[in-house]
Amino acid sequence: MANKAQQPPHLHLAEVTASQFLDIWKHFDTDGNGYIEGKELENFFRELESARRGAGVDPTNPTFREKMKEFMQKFDKNKDGRIEMSELAQILPTEENFLLCFRQFVSSSAEFMAAWRRYDTDRSGYIEANELKGFLSDLLQKANRHYDDQKLQEYTQTILRMFDLNGDGKLGLSEMARLLPVQENFLLKFQGVKLTTEEFNAIFTYYDKDGNGYIDEQELDALLRDLYQTNKKEMDVKNLTGYKQSIMSLSDGGKLYRGELEIVLCREPIV
């Protein structure tokens, strides 16, 4: 974790590398919860203003609060009062911005899930570290970005530093999905309806009427509606259709198997 006595890294640069971007993120996300919020957010904006103006700013000044409000209106896309990684990528001028490059290729969660499925070959819900370089290489090629082996290695190591928190060399689906634009990260919509393994098995068995181990798109539609109603969440039919399409991108020819849906709806395993 960043040393609080150190100056915030790299904010003065006209352009930051992928690795420097991560240094900035880790410096300000002091509790490591995946958001810059509260006091972290105030510190970030104060230091960003200081770096851009070349002079200190006074957080108690009403002008500071007004500027911070305008800043959040511009960059806080989902209006939750905090900054996520994908939002920070819009704020900082990142060299060959690999985060934005990622989002140009996987502009929708359905595209992300399709790309994920190609590399998560054992359907474990993880991409092994040795597969990650190929995953990123695929993204860069599709986005028509030129890169060399050194740059690809930097991107790969940066992604690992971002998400491989327990150092086991594996990256989880929900963690990698944090690189998606906030409005496209459908996995965030299920944060409040995550199921235990027992709950998931019960609901999957209920909709898998013939016990063949998979459900189809119509059954998934009914399952998702049931989940939303049970958890008293507002349901937008258009959004529900999008979520369904994204999840079906994991399916095998329209057959969504238990293990694939479990990746989306179950709580992360404790590691």
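Trainee: What should I keep in mind before I start?

Mentor: This is a predicted model, where local features need pLDDT of at least 70, side-chain atom pairs count only at pLDDT 80 or more, and totals for chains, interfaces and linings use all residues. Numbering runs from 1 along each chain as its sequence is written, and side-chain values use heavy atoms, leaving out hydrogens and water.

Trainee: How many helices and strands does the chain have?

Mentor: Helices (H or I, at least four residues) and strands (E, at least two) are DSSP runs, numbered from the N terminus. Here you get 13 helices and four strands.

Trainee: Is Asp29 buried or exposed?

Mentor: Buried means under 20% relative accessible area, exposed over 50%, and partly exposed in between (1.4 Å probe, protein chains only). Asp29 has 6%, so it's buried. You'll find Asp29 in the loop between helix H1 (18-28) and H2. Across the chain, 46% of the 271 residues count as buried.

Trainee: Which residues does Asp29 touch?

Mentor: A contact means heavy atoms within 4.5 Å. Leaving aside residues up to four places away in sequence, Asp29 touches Gly34, Tyr35, Ile36 and Glu40.

Trainee: And where is Ala177?

Mentor: Look in the loop between helix H9 (173-176) and helix H10 (197-207). Ala177 counts as buried because its relative accessibility is 0%. From C-alpha to C-alpha, Ala177 and Phe112 are 7.7 Å apart in space, yet 65 residues apart in sequence.

Trainee: What about contacts across the chain?

Mentor: Take those with a separation of 6 or more: residues 24 or more positions apart account for 60% of them.
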